[in-house]
Amino acid sequence: MNNVAIELRGITKRFGSVVANKGVNLTVCNGEILSLLGENGSGKTTLMNVISGIYHPDEGQIIIGGEPVSINSPHDAFNYKIGMIHQHFKLVDLFTAAENIILGLNEKGKFDIKSVSKKVAEISSKYGFDIDPNKKIYEMSVSEKQTVEIIKVLYRGADILILDEPTAVLTPQETRKLFDILRRMRDDGKAIIIITHKLHEVLDLSDKVAVLRHGEYVGTVNTSEADENILTEMMVGKKVELNIERPEPVDPQDRLVVEHIDCMSREGVKLLDDVSFTVRSGEILGIAGIAGSGQRELLEAIAGLQKLDGGSIIYHNPKTGTSENLRDKTPLEIRELGVRLSFVPEDRLGMGLVGNMSVVDNMMLRSYRRGKSVFVERHGPEELAHKIIKDLEVATPDAETPVRRLSGGNVQKVLLGREISSSPTLLMAAYPVRGLDINSSYLIYDLLNDQKRKGVAVIFVGEDLDVLLDLCDRIMVIGSGRITGIVDGRNATKNEVGYLMTKTDREEEKSDAE
Amino acid sequence: MRNNHKTHKEPLVYITKRGELPKLKAMMIKAIVILVGILFCALVTILLTSENPLKVFKAMFTGSFGSPRKVWNLFQASAILLGISLAVTPAFKMRFWNTGAEGQVLIGMLATITCMFYIGDALPSWLLIIVSLFASIIAGAVWAGIPGYFKAIWNTNETLFTLMMNYVAAQLVSLLIMYWVPSGSMVLGLVNSSTQNGWFPTIFGQKYLLNIIIVALLTAAVYVYLKKSKQGYEIAVVGESENTARYIGINVKKVIIRTVLISGALCGVMGWILAAGTDHSINSSAVGGNGFTAIMVSWMSKFNPITMIFSSILVCFLQKGAGEIASNLGLNSSVGEVLTGIMILFIVSSDFFVNYSIHFRKKERKEKQE
Amino acid sequence: MDVFVKIMAFIAATVVQGTPLLFGAVGEIITEKSGNLNLGIPGIMYIGGISGIIGGYLYEHFCAEPIPILCVIISLLASLVGSAFIAFIYSFLTITLKANQNVVGLALTTLGVGLGNFYGGSLLKFFGEDGSISLYITGNAYKTKIPFLSDHLGIFGETFFSFGFLVYLAIFIAILSQWIINRTRVGLNLRAIGENPATADAAGINVSLYKYVATCVGGAIAGLGGLYFVMDYTTGAWTNNGFGDRGWLAIAIVIFALWKPRSAILSSYIFGGLYIASVFISGLSGSTKELIKMLPYLVTIIVLVFTSSRKKREHQPPAALGQSYFREER
């Protein structure tokens, strides 16, 4: 039974100058579960897209059943019995489970949804799925939808299953159920690749672990020979010195006190779970965590864009000395309270800026309400635009160019420039250097440090641990919507943070199981 | 199945979204497409009439510019079309697909005619005109506001809703005409024809000059509103990205309802101009499809009021010119609609050549980074 | 007995009025199921009518002794080709060139009504004739009743079996479409495209092809509504704007029938009945008659508002209705 299902040899995939995968080797046997471990942007999803025919590798070979093959489309992948379960489900909400399962299939013979339901029921009982084939997708929970996706690939006869972060959206109980099913599929001889960040899941479930770091293949170990320390070190690597400046905080005062906030998704998954922390003036608080662990919800809750189910967000106004609870206030109400809050959201062109508008018009987003006139005042924004273009060296033909036409780094300069121009007392920046080149990144770090020196309380959500460790005074780690630890940026180690990122509260799960 | 080594067939033509084109190049592409459209229209006309092309073009010009009266008619028709196009624009800019301009204008007309009918003798003409204006504005705003309100609270499909409202308005007009004209002839005739109470005054001996002046003012007003006012800015932000609007604290629902009311009110104003300044009467098809044509004019002008001036003149020129050809040759006057339809299709499709580039014979497999 | 006869006559008139609407509504439902909101349907119905007229006229004009069955076949084919061609233009512009669906649809309605009226008003002049078009042979061929059933079953036969074949074809097409949409693989794929084209694409369905075919087939079916009107209802005569705003009424029925072809049958007859009711109910004042004509639109609006407030997913328009699909814009 232990023959090789799929083997990758020296897979390299480039996007322009960026190398997403470099010389990756991977072997999965039938009846085996392999975990693919790596930080954000380490190239896991790219690699899986190579296997499922969405991308074509620039170098390297894919070997299936002992023969080199070329997978040019998702359809080819089907033919090689590869099935991928994406993080974002591809289902038609209005259809039943059975209808979704056979969608696009060209089976011979009469179209008969009843026999499909029967076959679905067979697969379900074989692996222990609990699903009603006639239930509509829009009535389903996230975990049921995921089940439909898995049955969909099994129905198509997949022998190699790839699951992209399947537990990210599941509750601990649902996760356990999923793992039972995956084990049963392994015992049935299927080869399973699961992408995940959660170390205990890796140790709990898989037979082998392959680790990627910054697109490079680090190695594969047998789970039985690994522990959390070994895996963390493989995943985060050695600390790299970046020489980012870090001034000492001067006279830090509590600026924002967040206490016990909770936030529930529509599906009932906890996006923020009893989060408490304090942000102080004159310091940079880093937030580390796997993407999608609640960072966005947290920042949006502070900015008045996310409804909360509990807790409080107290802002201490340094000017008036008063304190305000920002919870459940709209962004406008927060501004009217005199809270000088600036927010650089993750989605720069979808939220922070309007892509089709000029640099000047984007400056107006924050300031257009000023004054009693019914007309907008363009003079101030124009000056501000020119000032930002000059001071931050934004490469743009002129201030009337739509920001959509600027490069990523320049877009970020425009956004950050606007946000700090209103002399905030609290500045939140989500992934401000994502997609930026080295020079632009250092410019952004300098800007954040300038704000810090001015006594601004800065929240910096980052993904590169080296940067977080060099830039931030304190680092708060968030995992599955919970704060897993707050460490001192000056003496924490990379492994320590990496471990906190991949840790989820196993105690809680155990108590659930009982 | 495992030994599937079939090479992938590459498509001959494939399409990618292109980056921003320089303005000049984009305008060139548009100009070429419009030119091709005009040539195509000419070809169609020649095929339909088997006439000498030069003669056809000449007829088109005499149809629009042949006499001072024809020029006035052209500008009057263009003014009405332009005015309605301006009216639908604020809502469109916000991505609210109002297909109900026809009905909103008609209900505005109805409001004015009702005022003229019932209080025509009680008020001096100038006051009646003003009262009618307010009645029309309210009527138009209500007619658009109903779908707008349901869009905001229940996300009711506004395209279909506003479309249906057109026919409710048309039937309402028929109903009232039935009520007003007991003979059942369905023809209302000129209201207050003897006193001309509530009619727009003639200026410098020109019946339509006031219409044109009002629409000119309206053009300036809409231009300023959209480009310079805070509300216009909010409309642009909501239309581009609701997320950004929320991020900067705009109450999206409020902006939607407010903008739709403004659009409807402007349609009401156009109904007032049509009723008090042009027709002095009403029937269920008094707007004559201008409400629909206006949607296309607004769209193909990219919601720019200045461009709309030219677009509406172009459309009216085509219609008048084609009408002239038809009457010269004893053909049906619908040639105008045919040519308008073709021209709009060409202009609308020109966007594609600006926004996408077409590649023949794919050489290299391109992949996008996520 | 007199009342009974009158009721039967009313039922017959209802069916006659409802048939063009049924063709239009079913055509639009098929189109909308693929995510295309074709507001060109009113124009396409004019095209369907005039293409049939042109086909029939050319045959009658150039053939010394026209054979009725050939009259029917030629005009029917001409009608199908004409309206499918306009729907093809719509498809090309909205699917391949990704132009705005509303604008293209409205432009095609302008174009279609214009072309219909143009040819209707000028066709005879091209051939040096005077007067207005009337194709008696073709028209009467379309009106051929079902033999035996129509004259041996008394008043029931006269009411239910005296229609031309297009009336029965409309019902058949509606039932067939319902079956295809809900009970076949093709229908499943089509519905998936209207709901979520990206998912359909990922499942390996050729989204563009389906949209093209659905729109063209839908257009051809809708065109038959125009054909029925000019051939059967007016016995081969064309009057400009005679078809009126029935095309928009057909779009209203799509909403009223909640995008189900089978429900469109009854809906069309109800709307057709309301359209003609004022003629049959004596003693109505003129304004009441107009009020009755307003009812279909009012009722449609109420249905639209009610279903959107209830948020029952099955009763909503196809989720991707009105949007272009371009694979790389994810």
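1. In helix 12 of chain A, the buried residues are A:Val359, A:Val360, A:Asp361, A:Asn362, A:Met363, A:Met364 and A:Leu365. A residue is called buried if 20 or more other C-beta atoms, placed from the backbone, lie within 10 Å of its own, exposed if 12 or fewer do, and partly exposed in between. Helices (H or I, at least four residues) and strands (E, at least two) are DSSP runs, numbered from the N terminus.

2. The model is predicted: local features need pLDDT of at least 70 and side-chain atom pairs count only at pLDDT 80 or more, while totals for chains, interfaces and linings use all residues. Residues are numbered from 1 along each chain as its sequence is written, and chains are lettered from A and ligands numbered from 1 in the order in which they are written.

3. Because 7 of the 9 residues of helix 12 (residues 359-367) of chain A are buried, this helix is largely enclosed by the rest of the structure. The cover over its buried residues includes helix 13 (379-391) and helix 14 (408-421) of chain A, together with helix 8 (230-240) of chain B.

4. Chain A is assigned domain 1 (4-236), domain 2 (240-340 + 424-514) and domain 3 (353-422); such bounds come from an automatic or database domain assignment. The centres of domain 1 and domain 2 of chain A, taken over C-alpha atoms, are 32 Å apart. Their contact takes 18 residues from domain 1 of chain A and 17 residues from domain 2 of chain A, where contact requires C-beta atoms, placed from the backbone, within 7 Å. On the side of domain 1 of chain A that touches domain 2 of chain A, the largest share, 5 residues, comes from helix 8 of chain A.

5. An open sheet of 6 strands in chain A has the order 16-17-18-13-19-20, with mixed pairing; two strands pair if DSSP finds at least two bridges between them. Its edge strands, each pairing on one side only, are strand 16 (341-344) and strand 20 (482-488) of chain A. Strand 16 of chain A pairs with strand 17 (residues 426-430) of chain A in the parallel sense over 4 bridges.

6. Helix 14 of chain A packs on this sheet, touching strand 16 and strand 17 of chain A, and its direction makes about 175 degrees with that of strand 16 of chain A. Axes are lines fitted to C-alpha atoms, for helices over the stretch in contact, and angles run from 0 to 180 degrees between N-to-C directions.

Note on methods. Two residues are in contact if their C-beta atoms, placed from the backbone, lie within 7 Å.
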